[in-house]
Amino acid sequence: MSWTVERLDWADQPLGEIDLPKRTMCFRSGFGSGLSRRPGDPAGIVWAVGDRGPNIKVKVAVKRYGLEALKRLRDREGAKIMPRPDLGPAIAELRVADGRVEL
């Protein structure tokens, strides 16, 4: 079996933003944690999953966005915040054709 990989035109969809002390945090969809095809789907249809909503490591949130209240947690291994808990796991149907990916 051989595979061909090519670069496709894609941009994650904007989901909103939050103004924070140092800068604005922008949110985008993050499909691609997993990709699959279903038997019987037409050529060019791929299903994608985003495994969780937007998240950021605490250390980065403190440094980049000025979230000083989280400073005490920055050295905790694997600590992350989820600034938009209303944005969770999602499944999307993607259409791949002519060098583009459409949601």
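Select residues 45-50 and 90-97 first: these are strands S4 and S7, which pair in the antiparallel sense over six bridges. Within this pair, centre the view on Ala 48, which stands opposite Ala 92 in S7. The model is predicted, and its confidence is considered at the last stop.

S4 and S7 belong to an open sheet of four strands, ordered S3-S4-S7-S8, with antiparallel pairing. Strand S3 (34-36) and S8 stand at the edges; each has a single partner strand, so one side of each lacks a neighbour in the sheet. Viewed across the sheet, neighbouring strands are turned by 30 degrees against each other on average, with direction ignored.

Now move to residues 14-19, strand S1, and residues 24-28, strand S2. These two strands pair in the antiparallel sense over five bridges, and a hairpin of four residues joins S1 to S2. To locate one of the bridges, select Asp 19, whose partner in S2 is Thr 24. How many of the six residues of S1 are buried? The count is zero, and the strand is hardly covered.

Finally, colour the model by pLDDT. The protein averages 88, and 98% of the residues score at least 70.

Methods: Residues numbered from 1 in each chain as written. Predicted model: local features only at pLDDT ≥ 70, side-chain atom pairs only at ≥ 80, totals over all residues. Heavy atoms only, no water. Buried < 20%, exposed > 50% of the residue type's maximum accessible area, 1.4 Å probe, protein only. Pairing = 2+ DSSP bridges. pLDDT = per-residue confidence, 0-100. Axes fitted to C-alpha atoms, helices over the stretch in contact; angles between N-to-C directions.
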